[in-house]
Amino acid sequence: MPEYVTEREQVPTLKSEAPIVGLSKKSEDLVKNWKEYQDFRELIVQYREISKADALLNSKDLEELSRYLKDSIRIEKLDIPSVRIRLNVLHNEAMRLSDMSTIPTITAEEVLAENNNVLDAFASLNNKINDLGKQERINEEFAKFNENTKVDKKTKQSHEKPKN
């Protein structure tokens, strides 16, 4: 019996080397109700391995979702310049990929390079969100340490004899 190759199998895929950086548990909890982030993440994971045609076809949706993401920061802890900058970079890279869909002579290598830029920008955003969670934990530990140090000093002072 002859084996038939489907159209999908004939289309070469772009395999990105750029990692999709995940979020820590604490960061996941922070963004769980941020619908625009969840929608963007759902689409971007497909870009790890995607055909040139699909990457360009879906690039309009990706660009639109990145714009919604950039314009929708509802989480006060994330509404800071360092996160906004990363969202702007992500949106700019998604717009570049979207613009490529209008260039008939665009090569797979050029699409792959821009695809990697989008994935890198998303990884940078996720790294920053994770870093903010780590910084918060460090601040909490530092505050506890400071509080314990104050208590220790008071205890030590109350046990010392007054000097005459």
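Here is a walk through the fold, from the whole chain down to a few single residues.

What you have is a predicted model, in which local features need pLDDT of at least 70 and side-chain atom pairs count only at pLDDT 80 or more, while totals for chains, interfaces and linings use all residues. Residues are numbered from 1 along each chain as its sequence is written, and side-chain values use heavy atoms, with hydrogens and water left out.

Let's start with the overall layout. The chain has seven helices and two strands, and from the N terminus they come in the order α-β-α-α-β-α-α-α-α. Helices here are DSSP runs of H or I with at least four residues, strands are E runs of at least two, and both are numbered from the N terminus. Of the 164 residues, 34% count as buried, where buried means under 20% relative accessible area, exposed means over 50%, and partly exposed is in between (1.4 Å probe, protein chains only). If you take the contacts between residues at least 6 apart in sequence, 78% join residues at least 24 apart; a contact means heavy atoms within 4.5 Å.

Now for the helix packing. Two packed helices are described by the angle between their axes and the distance between the axes. The axes are lines fitted to C-alpha atoms, for helices over the stretch in contact, with angles running from 0 to 180 degrees between N-to-C directions.

Take α3 (residues 35-44) against α5 first: their axes come within 9 Å and cross at roughly 155°. On the α3 side the contact includes Y37, F40 and L43, and on the α5 side L62, L65 and L69 are among the residues involved. By type, the contact divides into eight nonpolar, one polar and three charged residues. Ala, Val, Leu, Ile, Met, Phe, Trp, Tyr, Cys and Pro count as nonpolar, Asp, Glu, Lys and Arg as charged, and the others, Gly among them, as polar.

α5 (residues 59-70) also packs on α6 (residues 81-100), at an angle of about 160° with the axes 8 Å apart. So α5 is roughly antiparallel to α6 as well. Among the residues making this contact are L62, S66 and L69 of α5 and L87, L90, H91 and A94 of α6. This contact divides into seven nonpolar, five polar and five charged residues.

α6 itself has 20 residues and reaches 29 Å from its first C-alpha to its last, close to the 28 Å expected at 1.5 Å a residue; the expected span is 1.5 Å times one less than the number of residues. Its buried residues include V83, L87, L90, H91, A94 and L97. An α-helix has 3.6 residues a turn, so residues three or four places apart point the same way.

Finally, some single residues. N58 sits in the loop between α4 (52-57) and α5, and N58 is buried, with a relative accessible area of 18%. Leaving aside neighbours within four places in sequence, N58 is in contact with L43, Q46, Y47 and I50. S51, in strand β2 (residues 49-51), is buried at 5%. The C-alpha atoms of S51 and T13 are separated by 4.1 Å, although these residues are 38 apart along the chain. E110 belongs to helix α7 (residues 108-159) and counts as partly exposed at 38% relative accessibility. Not counting residues up to four places away in sequence, E110 touches M100 and T105.

How values were computed:
Angles under 35 degrees count as roughly parallel, over 145 as roughly antiparallel, 65 to 115 as roughly perpendicular and the rest as oblique.
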